[in-house]
Amino acid sequence: MITMTMVVNSEISLFEANIRFMGSLLTNYALTGDVMFRDKAVQLAERMLPAFQTETGIPHSLINLHTGMSRNYGWASGGCSILSELGTMHLEFSYLSDITGNPVFKSKVEHVRSTLRSLEKPKGLYPNFIHPRTGKWGLHHISLGALGDSFYEYLLKAWIQSGKEDTEAREMYEEAINAIIDHMIFKSPGGLTYVSDLKYDKVEHKMGHLACFAGGMFALGAKAMDNDESRNHMAYAAELTRTCHESYDRSVTKLGPETFHFTDKTEAKCLKNGEKYYILRPETFESYFILWRLTKDPKYREWGWEAVEALEKHCRVPGGFTGISNVYSVDSAKDDVQQSYFFAETLKYLYLLFSDDNLISLDDWVFNSEAHMLPIKGNPLYRQAPTTL
Ligand code: DMJ
C-alpha cells in the first residue's frame with residue numbers, strides 16, 4: 001500500500017507534539033493493536049529526532065517537522081531548553097522503542113536523562129533551564145509548576161512503566177522529591193501546605209495551578225515505593241491536594257485561579273489581576289482521581305462533583321466549554337477557548353473519578369502528561385516487539 005504523508009512546513013513544540021500527538025497514537029496502538037497507529041507514531045518520532053541533534057543531545061523546544069530545523073525560544077534564559085519539555089519525552093520514546101524493536105528513540109531519552117543526572121545541582125534541585133550547547137544550567141528558577149512540572153512526573157512514571165526495572169528513574173525521582181520537600185514545601189499560618197517556586201534562594205510563596213498535579217504524583221510515588229517514606233509522601237499528597245481544593249473553594253465560582261499566593265493576610269487566593277483566570281485546567285482533578293483510587297476517602301469524589309457543577313455553571317456555553325478570566329467574579333468574561341486538554345485530561349480524570357477501579361487500573365497503566373494512557377510492562381496490552389524481548 002502506498003501512503004502519502006503531508007508534513008506542515010512550520011514550527012511546532014516538540015513537547016506538545018509528543019504529549020498530545022505521540023501520546024494519543026501510542027495509547028490507540030496499545031488499546032487496539034492496530035499497527036497503523038504504531039507506524040504513524042514512528043513517522044512522527046523520526047521527524048522529531050532532529051531536535052535532539054545538539055552538542056549535548058538535549059533537545060530544542062521547537063521543530064519544523066518538514067525541514068528538520070530546530071531551535072529554542074529566545075525568552076528561555078538566553079536560548080535554553082526547558083526542563084518540563086526536555087524531560088517529558090521518556091515514557092513515549094521508550095515505549096515506542098519497545099513496540100518497534102528500534103532502540104534509537106529510547107537511546108535519545110536515556111541520554112538526556114543521564115546527562116541531567118551527571119550535572120551538579122543546586123541543593124539537589126533541578127533548575128528549569130539548561131543550555132543544549134554547553135550543558136550548563138540557565139537561571140536557577142525551580143518549580144513544580146510551569147517549566148518544571150512533568151519532568152518530575154516522568155521520573156516516577158518511567159520507573160512505574162518499566163515494571164520497576166528502571167531504577168535510575170526511581171533514584172532520580174526520590175532524590176529530586178526529597179530536595180523539593182527540604183527546600184520548596186511550606187505550611188501557611190492557617191495550616192495549608194504548599195509547594196512554592198524558588199528563584200535562586202528566594203522563595204516566591206505562591207503556587208501555580210499547574211503544580212496541583214503534585215498531590216497525585218506524591219500519592220502515586222508513595223504507593224509505588226511502598227517504603228518508610230511512603231506514609232510521609234502520602235501525607236504531602238493529601239495536604240497539597242487539600243490546598244488546591246481550597247484555592248477553588250475560596251473563589252465565588254468554585255473554580256481555581258492560575259496562581260495563588262500565601263502572605264500574612266491571604267492564603268490560597270490569587271493576588272494578581274492577570275492571573276485570576278481558569279482555563280479548564282485538569283491538574284487538581286487529576287490529584288482528586290489518584291487520591292480517590294488510592295485512599296477511597298469520599299471527599300475526593302465530593303470535591304470532584306463540586307468541580308463538575310462549577311464547570312457546568314460558569315464554563316458551559318452553547319458551543320461547548322470556555323475558560324473564564326476571573327474566578328472571583330460570577331459574571332466573568334469568557335475567553336471563548338476550549339482547550340484540547342479539556343477532553344484529553346479534565347473530562348477524563350473527572351470521569352475516572354466516578355468509575356470503577358478496574359477501568360484503566362493504576363496497576364496496569366500510567367497516564368502521560370496529557371492523560372493518554374500507556375501500558376505498564378506486564379500489562380498484556382504492552383505489545384512489546386518480539387525483537388526486544
Ligand atoms: C497539559 O497540556 C499537560 O498536562 C501539560 O503537561 C501541562 N498542563 C497542561 C494542562 O494544564
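**Notebook: aromatic rings**

I began with Trp137, which comes out as buried in this predicted model, at 16% relative accessibility. The cut-off I used for buried is under 20% relative accessible area.

How do the rings of Tyr126 and Trp137 sit against each other? Their planes are at 90° and their centres 6.1 Å apart, so I put the pair down as edge-to-face.

I then looked up where these two residues lie. Tyr126 is in the loop between helix H5 (104-118) and strand S5 (129-130), while Trp137 is in the loop between S5 and strand S6 (141-142), so the pair ties together parts 11 residues apart in sequence. I checked Tyr126 for burial too: it is buried, with a relative accessible area of 2%.

On to another pair, Tyr288 and Trp303. I found their ring centres 5.6 Å apart and their planes at 55°, so this pair is tilted. Tyr288 belongs to helix H10 (residues 283-295) and Trp303 to helix H11 (residues 299-314), so here the pair links parts that are 15 residues apart in sequence. Buried or exposed, these two, Tyr288 and Trp303? Both are buried.

I also followed the rings around them. Tyr288 and Trp303 belong to one aromatic cluster, together with Tyr248, Tyr278, Phe285 and Tyr300.

Last, I looked for charges over rings. Lys296 lies over the face of Trp292, 5.1 Å from the ring centre. I noted Arg383 as well, with its charged end over the ring of Tyr29, at 6.0 Å from the centre.

Terms used
Residues numbered from 1 in each chain as written. Predicted model: local features only at pLDDT ≥ 70, side-chain atom pairs only at ≥ 80, totals over all residues. Heavy atoms only, no water. Phe/Tyr/Trp six-rings, centres within 6.5 Å; stacked < 30°, edge-to-face > 60°. Helix = DSSP H or I, 4+ residues; strand = E, 2+ residues; numbered from the N terminus. Buried < 20%, exposed > 50% of the residue type's maximum accessible area, 1.4 Å probe, protein only. Lys NZ or Arg CZ within 6 Å of the ring centre and 35° of its normal.
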